[in-house]
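Please read them with the structure open.

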Amino acid sequence: MTRPTFQQVYQQLFDHFGPQHWWPAKSPFEVVIGAILTQNTAWSNVEKAIDNLRESGHLTAQALNGISQQELEPLIQPSGFFRQKSARLKKLAALLVEQHQGEIERFCHGDLEEARQRLLTLKGIGPETADSILLYACERPSFVVDAYTRRLFSRLRLLRGDEDYAHIRQRFMDNLPEDTHLFNEYHALIVAHCKRHCRKRKPECPACPLLKLCPFALTI
């Protein structure tokens, strides 16, 4: 079986699932909030926390900067690890207000890798969160890698599966056009596909839209 290209995998997924309209947010700052709150929890829990912030009028950098951490914690409690996450949100909000007029877009301006490094210097923001913010909030072409990406592309034999985050991210960015919309759709399609078909346990290979491209399917 000939290994597929990264572009072929994308096209097969897009033809099957269609556009995903991700990230579900009403503002770039809401994307940032979601990217931090979704760490180690289900998205349904993040939605509850974001609803609390919206209903209380604290879904801007200025509003978060204006309340105490103790006031913030119960609002985001549904997302779990609320003490750590509230501290991260407070530090980010303060930085945005004090240095970037409260706008994440200003924080992410300039050279892509320099903007990425600025995010990575913030406590609690790792590579996946930083790339999510760059791609979905700032609309910069920075590919997001997650556990779904590693699982799917190791099964397609396009990855070994033991590469580090930076290596996997670079593989995608080297093998795809530098296109924010493409990166956005691709990541969302990978997530959708792995939730429906390429599950960690009991994958649904017979109905998989990548069946003819996947060596793993021949082994089960």
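**Notes on the predicted model**

1. The largest nonpolar core has 74 residues, and the members that touch the most others in it are Ile133, Phe153 and Tyr186. This core takes at least three residues from each of domain 1 (6-21 + 144-218) and domain 2 (28-138). The model is a predicted one, and the points below should be read with that in mind. As background, nonpolar side chains in soluble globular proteins tend to be buried together.

2. Which residues does isoleucine 133 touch, leaving aside those up to four places away in sequence? The contacts are Val32, Ala35, Ile104, Cys108, Leu119, Ile125 and Cys138.

3. A disulfide is a covalent bond between the sulfur atoms of two cysteines. The search of the whole structure finds zero disulfides.

4. The chain is divided into domain 1 (6-21 + 144-218) and domain 2 (28-138). The C-alpha centres of domain 1 and domain 2 are 27 Å apart.

5. How much area do domain 1 and domain 2 bury between them? The figure is about 820 Å², with 58% of it on carbon and sulfur atoms. Of the area that domain 1 buries against domain 2, 57% is supplied by Val144, Tyr165 and Arg169, more than by any other three residues. In contact terms, 11 residues of domain 1 meet nine residues of domain 2.

6. Polar and charged pairs also occur between the domains. Six residue pairs are in polar contact across the interface of domain 1 and domain 2, and the salt bridges between domain 1 and domain 2 number two. Separately, the side chains of aspartate 131 and arginine 169 form a salt bridge, at 3.4 Å from N to O.

Note on methods
Residues are numbered from 1 along each chain as its sequence is written. This is a predicted model: local features need pLDDT of at least 70, side-chain atom pairs count only at pLDDT 80 or more; totals for chains, interfaces and linings use all residues. Side-chain values use heavy atoms; hydrogens and water are left out. A disulfide is a pair of cysteine sulfur atoms within 2.5 Å. A nonpolar core is a set of buried Ala, Val, Leu, Ile, Met, Phe, Trp, Tyr and Cys residues joined through side-chain atoms within 4.5 Å. Buried means under 20% relative accessible area, exposed over 50%, partly exposed in between (1.4 Å probe, protein chains only). Domain bounds come from an automatic or database domain assignment. Contact means heavy atoms within 4.5 Å. Buried area is the accessible area (1.4 Å probe) that two parts lose on being put together, summed over both. A salt bridge is a side-chain nitrogen of Lys or Arg within 4 Å of a carboxyl oxygen of Asp or Glu. A polar contact is a pair of N or O atoms within 3.5 Å; within protein, one must be able to donate a hydrogen and the other to accept it, and residues adjacent in sequence count only if both atoms are side-chain atoms.
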